[in-house]
Amino acid sequence: RVAEHRLLERPGCLVANSRGELLVTDLANRVIFMVTRSVPAKVKVVAGEWNQPGILSEGRISTPVQLVLFVEAAGRKEYCLFADSGNCAICCLTGAHSFDADHEVQPITIHGLTESYMQPYGLALLQDGRLAISEDLRKRIVITTLNMTARAATVALVLSHHQLSAPRQMATLENRLYVVDEKAVRGVVLASGGGIRGSWQVLRQSFEAPRGIAVLRASDEAGHHIVAVSDTRKHQIFKLTVKGLKVLSVKVMGDGRTGHFDGPVEASSFPEPSGLAFSDGVLAVSCLGGGKHGAVCIISPNSFALKLLKAIESGYHAIGYVLPSAKPEERSNRHKPLEEAIGMYRQFVDTCDALCSYRSQLLGGRQGVEGPDGCMCWHSVRGHVILLESVTQLAADLRATRVSNLHRVTLYALLNESRVEYSFGHYVIMTQSANPTMREYAGFKAK
């Protein structure tokens, strides 16, 4: 769980920025938090005053419901748009791109309304930059055109249908709009010039209390995508595999318990899951918490863990490491041929190095406490990269000198020799020894 803290009393909805940091509404304390993905997570209030509901002109918010992230075309600025149902307003939170940025709440003026005010609940950004606003009490969805420079929106279309009972949270993918509507999830295809194409379709209606919804484009070529829906009464999340507006399969995540239990998704708990957001294939879930304080948890795909564990296993096998419980034949055959072992070691190093580089890219080049990617293993990965270069060069030198028993040389021996060479060189530099002797080299041990 990214964050399980008493500050998160009733986390409602959430959205992820480009760095993977989460913006989370708290329905009990009437604020919006920002939560980092680091461990331990950092939490701070970025909108509203703690447990002080009020009007926007006083710098307070009342009932923040759904959040969406608006990214400018240049990608340099990110804004968090949220519906404040208590103040009957749509608001813009600046500085959504970073935990360390300055944050300010500004109201969005809605033009073209037939009523004097809105009763917003859900928000969704369409692919053409328009903003969809659901009003559950008025049983309709209002499509507006945004002008972020003027902090304004103009009503372009109103979708109202007898099938819509109480449209709430929404999500979009391409030209499709998905809506949590009372006890069902409905979808519709939006026409490019405005309006809808066809009619509303029911994706699934066997929910008890659906609340959060998020959409992820699948990586397959069949055009499938994932629609995740949370059910606060069943304490479960439903993962719908969808093509167009047709559901192909349903997977249930969570065992229905109300506590805070981690583990495989089938056996973990989601106490009153209320908000969902995808970020790089990872599903973030905000849970109201039932009778206790809430939590924000992460559902990570197994593919990443399997890739990382396979790379680590390749590194262990490359140096001939075996478990204490290994059989005698496994111990006798643990040392691979030198070229094969170096290839396995390279796979391990390249995977870890790529992960550090990707993490650094997500952080936008920001320097972390332990390294440019902000993680403690950065220095260790740098050391493995240097060792890989050393053993590769040592193996090439041995082949060039036509060593007769090269087939008996193991990667483990070369790694130890590389550590000695590197550490002795560091020792010479630090001690400013101009003429190190062979006796010093022979007696030197790598630390």
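Buried means under 20% relative accessible area, exposed means over 50%, and partly exposed is what lies in between (1.4 Å probe, protein chains only). The legends below describe a predicted model, in which local features need pLDDT of at least 70 and side-chain atom pairs count only at pLDDT 80 or more, while totals for chains, interfaces and linings use all residues. Residues are numbered from 1 along each chain as its sequence is written, and side-chain values use heavy atoms, with hydrogens and water left out.

**View 1. Strand β6 sits between β5 and β7.** Strands here are DSSP runs (E, at least two residues) and helices are H or I runs of at least four, numbered from the N terminus. Strand β6 covers residues 78-84, and because 7 of its 7 residues are buried, the strand is largely enclosed by the rest of the structure. Glu78, Cys80, Phe82 and Asp84 point one way from β6, Tyr79, Leu81 and Ala83 point the other way, and all are buried. Two strands count as paired if DSSP finds at least two bridges between them. On one pairing, β5 and β6 run antiparallel and are joined by 6 bridges, with Leu69 opposite Cys80. On another, β6 meets β7 (residues 89-93) in the antiparallel sense over 5 bridges, and here Asp84 stands opposite Ala89.

**View 2. Here is the turn of the β6 and β7 hairpin.** The two strands have 4 residues between them, and Cys88 in the turn has a positive phi of about 50 degrees.

**View 3. Cys13 is in no disulfide.** A disulfide is a pair of cysteine sulfur atoms within 2.5 Å, and the structure holds 0 of them. For Cys13, the nearest cysteine sulfur belongs to Cys80 and is 8.8 Å away. Cys13 counts as buried because its relative accessibility is 3%.

**View 4. Val43 and its contacts.** Val43 is found in strand β4 (residues 43-47) and, at 27% relative accessibility, counts as partly exposed. Contact means heavy atoms within 4.5 Å. Leaving aside residues up to four places away in sequence, Val43 touches Phe33, Met34, Val35 and Phe99. Val43 and Phe99 are 56 residues apart in sequence, but their C-alpha atoms are 8.9 Å apart in space.

**View 5. Ser279 and its contacts.** Ser279 belongs to strand β21 (residues 273-279), and its relative accessible area of 12% makes it buried. Again not counting residues up to four places away in sequence, Ser279 touches Ala16, Gly20 and Arg37.

**View 6. Glu49 and Arg60 form a salt bridge.** A salt bridge is a side-chain nitrogen of Lys or Arg within 4 Å of a carboxyl oxygen of Asp or Glu, and a search of the whole structure finds 11. The side chains of Glu49 and Arg60 meet at 3.3 Å, N to O. Both lie in the loop between β4 and β5 (64-71), so the pair ties together parts that are 11 residues apart in sequence. Glu49 is partly exposed at 32%, and Arg60 is partly exposed at 23%.

**View 7. Arg140 and Glu115 meet in a salt bridge.** Their N to O distance is 3.0 Å. The pair links distant parts of the chain, 25 residues apart: Arg140 is in strand β11 (residues 140-147), and Glu115 is in the loop between β8 (105-111) and β9 (122-125). Arg140 is buried at 11%, whereas Glu115 is partly exposed at 28%. Salt bridges that share partners join Glu115, Glu135, Arg138 and Arg140 into one network.
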